[in-house]
Amino acid sequence: MSNEKGRKINHFVGMLLYIGILVYFITSLVSLFIHLSDLKAHGFILNLLALLFETLGPLYAVYFMIQLIDGILNVGEINYSIDKLSEFPKVTVIIPIHNVNPVILKDTLLGFKNQNYPNFELWVGDDSTDAKLREECKKITEENGFIYFYRENDRFKAHMVNMILEQPQVKESKYVAFFDVDHIPEPNILKKFVAILEQHPEFVFVQGKFGFRNAKNYLHVWEAMSLTQMFASQNARRKTGNVLFCGSTACFRRDILKGLPEGTLTEDYDLTIRLASEGYRGYWLDEICSMSLVPENIGHQMSQLNRWMKGQAGALSDHIGKLFRSKMTFKQAIDFVVSSTVVLVATSFYFLGIFYALIYGFKLPIYRALGLDAFSLIIMPILTLIIYISTLTATTIYTAKSGTYPLKWWHVPFFLTFGGMTAPFLVFPVIKGLFRKNKLIPGKTKWNKKIPLIPLSIFFSLLGVVFVGLTASSVLDFLAITNWYGYNYFFILFGIIGITLIFAFPFIVVSKIMFKAQNYEEVMI
């Protein structure tokens with residue numbers, strides 16, 4: 001079966017699921033209005049809020065599932081050849097650093113020493129606060145024949161990059177490539193970037209895939225597999241023209257790069273939205289272009305995720321006005337909305353659980369889909385589970401095929417477990433981002449701020465105990481042993497939430513003990 005035929009089948013099945021969810025929502029809404037007098041105002045409002053989250057989670061999950069399956073099918077792939085390069089225009093490579101381990105910088109610079117592209121310069125932009133580290137990094141940079149650039153900077157990564165972009169010799173470059181300090185490049189990568197941009201003028205940047213050289217324990221594997229989900233979705237975005245700039249291992253046309261957005265937690269994501277609104281497109285190169293380090297302990301991990309979730313949700317709030325009033329297509333705009341709030345896929349059932357708990361506590365009836373009523377508490381979780389399993393299967397297939405890291409079968413249940421345990425910690429960053437708490441304030445905001453994991457995990461575990469209690473009460477009602485609410489199926493979702501949340505504290509404690517930093521000190525996050 002061809003990729004295009006597979007894509008059409010994938011979208012057809014997805015459309016059927018969308019229609020089914022929409023029909024469920026509309027008929028349920030009609031049922032609520034029919035029984036408005038029975039529910040009263042507070043009952044109607046709680047039922048309506050619950051209905052919104054009953055449908056929101058599956059809708060997001062279906063969207064993500066379609067995208068991942070498109071990614072497996074490798075849609076939108078183009079042909080290019082480095083052998084057809086007759087000229088080698090100048091490329092400037094920029095690596096911003098801040099209080100990094102000099103050994104990591106050295107490994108990356110040695111990778112660039114092995115580049116076989118004949119016309120590039122590399123700038124290490126350093127704004128480290130530690131004078132000893134600066135001296136070591138300067139020595140390593142110059143020993144390898146590259147340019148060391150130091151400036152005092154309290155305006156974060158984007159400002160350092162922008163200062164380098166303003167240097168006269170950088171303005172002479174046709175292309176600018178960005179790499180993080182821990183991303184060791186593949187020897188042909190600059191040739192590949194330039195070949196694509198020279199042979200395909202419709203693209204203004206190329207974003208490359210990176211592998212993971214330290215995915216050695218289960219925390220690392222979870223992070224690596226999470227990123228391969230994003231890689232699969234990038235494959236699909238080639239078709240819609242919505243490839244995301246990921247901040248590293250990417251190359252841009254210098255003439256369209258007006259600088260990185262400053263004052264935001266996710267300058268790469270903000271830049272992607274800006275370029276799309278101006279009608280520009282990027283290309284996703286689904287090949288290993290560099291080898292990176294994943295966060296090494298749970299503190300680093302959650303700090304990074306906190307910044308991404310808050311930054312992307314904030315970018316949505318900042319740019320919502322231009323999404324549907326610019327040169328980007330409607331599909332692109334919808335994709336940015338979903339991408340900015342994708343954590344709702346994993347967390348919507350927590351909000352749903354809260355509304356169900358209030359409905360259960362107030363003994364309010366459930367009215368759904370012109371008579372489905374209480375059975376919706378079985379059908380919707382089953383539908384969501386099927387979609388989640390499809391999504392997990394797609395992720396596993398892509399990870400195995402892509403060779404991003406050596407996948408073992410037992411990694412899959414750990415990926416699912418870690419994802420469930422960390423999901424609650426991402427709710428607050430998304431909410432803060434939507435309220436535009438995504439700004440970087442010099443002298444006040446930290447790039448990757450430490451998250452109070454222990455207090456938060458205690459809170460979530462205590463909340464889990466509450467839901468376990470609700471589960472027991474609901475089961476006793478179901479068995480007619482007690483008569484608080486009566487016959488119901490609330491215990492299905494209550495039980496899932498209770499089990500997930502109650503282990504939050506043990507999960508964090510065990511993770512802190514088991515996963516220790518090796519390449520980064522705790523103070524460097």
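Buried here means under 20% relative accessible area, exposed means over 50%, and partly exposed is in between, with a 1.4 Å probe and protein chains only. By that cut-off, phenylalanine 178 is buried, at a relative accessible area of 3%.

Before going on, the ground rules. This is a predicted model, in which local features need pLDDT of at least 70, side-chain atom pairs count only at pLDDT 80 or more, and totals for chains, interfaces and linings use all residues. Residues are numbered from 1 along each chain as its sequence is written, and side-chain values use heavy atoms, with hydrogens and water left out.

Back to phenylalanine 178. The residue sits in strand β4, residues 175-178; strands (E, at least two residues) and helices (H or I, at least four) are DSSP runs numbered from the N terminus. What does phenylalanine 178 touch, not counting residues up to four places away in sequence? With contact taken as heavy atoms within 4.5 Å, the list is Ile94, Val161, Phe245, Gly247, Ser248, Thr249, Ala250, Phe252, Leu257 and Leu260. For Phe252, 74 residues along the chain from phenylalanine 178, the C-alpha separation is 8.5 Å.

Now the sheet. β4 is one of eight strands in an open sheet of mixed pairing, ordered β3-β2-β1-β4-β7-β6-β8-β5. Two strands pair if DSSP finds at least two bridges between them. The edges are β3 (147-150) and β5 (184-185); each has a single partner strand, so one side of each has no neighbour in the sheet. Further in, β1 (residues 91-97) runs parallel to β2 over seven bridges, with valine 93 opposite leucine 122. Strand β2, residues 120-126, has six of its seven residues buried, so the rest of the structure largely encloses it. The pairing of β6 (205-212) with β7 (250-253) is antiparallel, over three bridges, and there valine 206 has cysteine 251 as its bridge partner.

Next, helix α9, residues 267-277, where eleven of eleven residues are buried. Those residues pack against β6 and β7 from the sheet, and against helices α5 (156-165), α10 (298-323) and α11 (330-340). The buried set includes Glu267, Asp268, Asp270 and Arg274. Just after the helix, glycine 279 has a positive phi of about 90°.

On to the cores. A nonpolar core is a set of buried Ala, Val, Leu, Ile, Met, Phe, Trp, Tyr and Cys residues joined through side-chain atoms within 4.5 Å. The largest has 48 residues, and Tyr356, Ile359, Phe490 and Phe494 have the most contacts inside it. Helix α12, residues 344-361, gives the most to this core, eight residues. A second, separate core of 37 residues includes Ile164, Val176, Phe212 and Phe245. Tyrosine 356 touches Ala50, Glu54, Ile366, Leu377, Phe490, Leu493 and Phe494, again leaving out residues up to four places away in sequence.

Last, two backbone points. Which residues other than glycine take a positive phi? Asparagine 74 is one, at about 60°, in the loop between α2 (36-72) and β1. Its relative accessible area is 21%, so asparagine 74 counts as partly exposed. Alanine 369 is another, with phi near 45°, in the loop between α12 and α13 (376-402).
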